[in-house]
Amino acid sequence: MCYGASSPALSDRSRFPTLFRTHPSATVHNPTRIKLMKKFGWSRVAILQQAEEVFISTVEDLENRCMEAGIEIVTRQSFLSDPTDAVRNLRRQDARIIVGLFYVVAARRVLCEMYKQQLYGRAYVWFFI
């Protein structure tokens, strides 16, 4: 019984046949993200993710939903602990709508790097968990 595990990988009954959880999968947010993107007419998005299984599975689901909705993913950047290069690459790709998937410690680093790279203000939208 899990009370706080959100990894989509845990939904795989062949790997975890006896696991039950009270917390939904992290992919539960993806339909809402897609609806917001469609509502505002955003057709190009970028993804910044920490290289952890929970985020990899969530991004795979998000990519499939974006493809179905006709939303282009302009870049998918990942990082282990230092997001500097990944955020710099977002700037190079002219990413404006960015879905961020990472834990809170990495979020602090991303926010600092986002500020340094000037990826904030009216021209940018960031989605955080």
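These exercises concern the helices and the sheet of a predicted model.

**Exercise 1.** Describe how helix α1 packs against helix α2.

Solution.
- Step 1: Two packed helices are described by the angle between their axes and the distance between the axes.
- Step 2: Helix α1 spans residues 30–40 and helix α2 spans residues 53–69; their axes come within 10 Å and cross at roughly 35°.
- Step 3: The crossing of α1 and α2 is right-handed.
- Step 4: On α1 the contact is made by Asn30, Pro31, Arg33, Ile34 and Lys38, and on α2 by Thr58, Asp61, Leu62, Arg65, Cys66 and Ala69.
- Step 5: Sorted by class, the contact between α1 and α2 has five nonpolar, two polar and four charged residues.

**Exercise 2.** Give the strand order of the open sheet and find the strands at its edges.

Solution.
- Step 1: The sheet has four strands in the order β2-β1-β3-β4, with parallel pairing.
- Step 2: β2 and β4 each have a single partner strand, so they stand at the edges, and one side of each is left without a neighbour in the sheet.
- Step 3: Neighbouring strands are turned by 20° against each other on average, direction ignored.
- Step 4: β1 and β2 run parallel and are joined by seven bridges; Leu48 stands opposite Gln77 in β2.

**Exercise 3.** Which residues of helix α3 are buried, and what covers them?

Solution.
- Step 1: In α3 (residues 84–92), the residues Thr84, Ala86, Val87 and Leu90 are buried.
- Step 2: Their cover includes β1, β2, β3, α4 and β4.
- Step 3: α3 packs on the sheet and touches β1, β2, β3 and β4, and its direction makes about 160° with that of β2.
- Step 4: Just after α3, Asp94 takes a positive phi of about 55°.

Note on methods: Residues are numbered from 1 along each chain as its sequence is written. This is a predicted model: local features need pLDDT of at least 70, side-chain atom pairs count only at pLDDT 80 or more; totals for chains, interfaces and linings use all residues. Side-chain values use heavy atoms; hydrogens and water are left out. Axes are lines fitted to C-alpha atoms, for helices over the stretch in contact, and angles run from 0 to 180 degrees between N-to-C directions. Helices (H or I, at least four residues) and strands (E, at least two) are DSSP runs, numbered from the N terminus. A crossing is left-handed if the near helix is turned anticlockwise from the far one by less than a right angle, and right-handed if clockwise. Contact means heavy atoms within 4.5 Å. Ala, Val, Leu, Ile, Met, Phe, Trp, Tyr, Cys and Pro count as nonpolar, Asp, Glu, Lys and Arg as charged, and the others, Gly among them, as polar. Buried means under 20% relative accessible area, exposed over 50%, partly exposed in between (1.4 Å probe, protein chains only). Two strands pair if DSSP finds at least two bridges between them.
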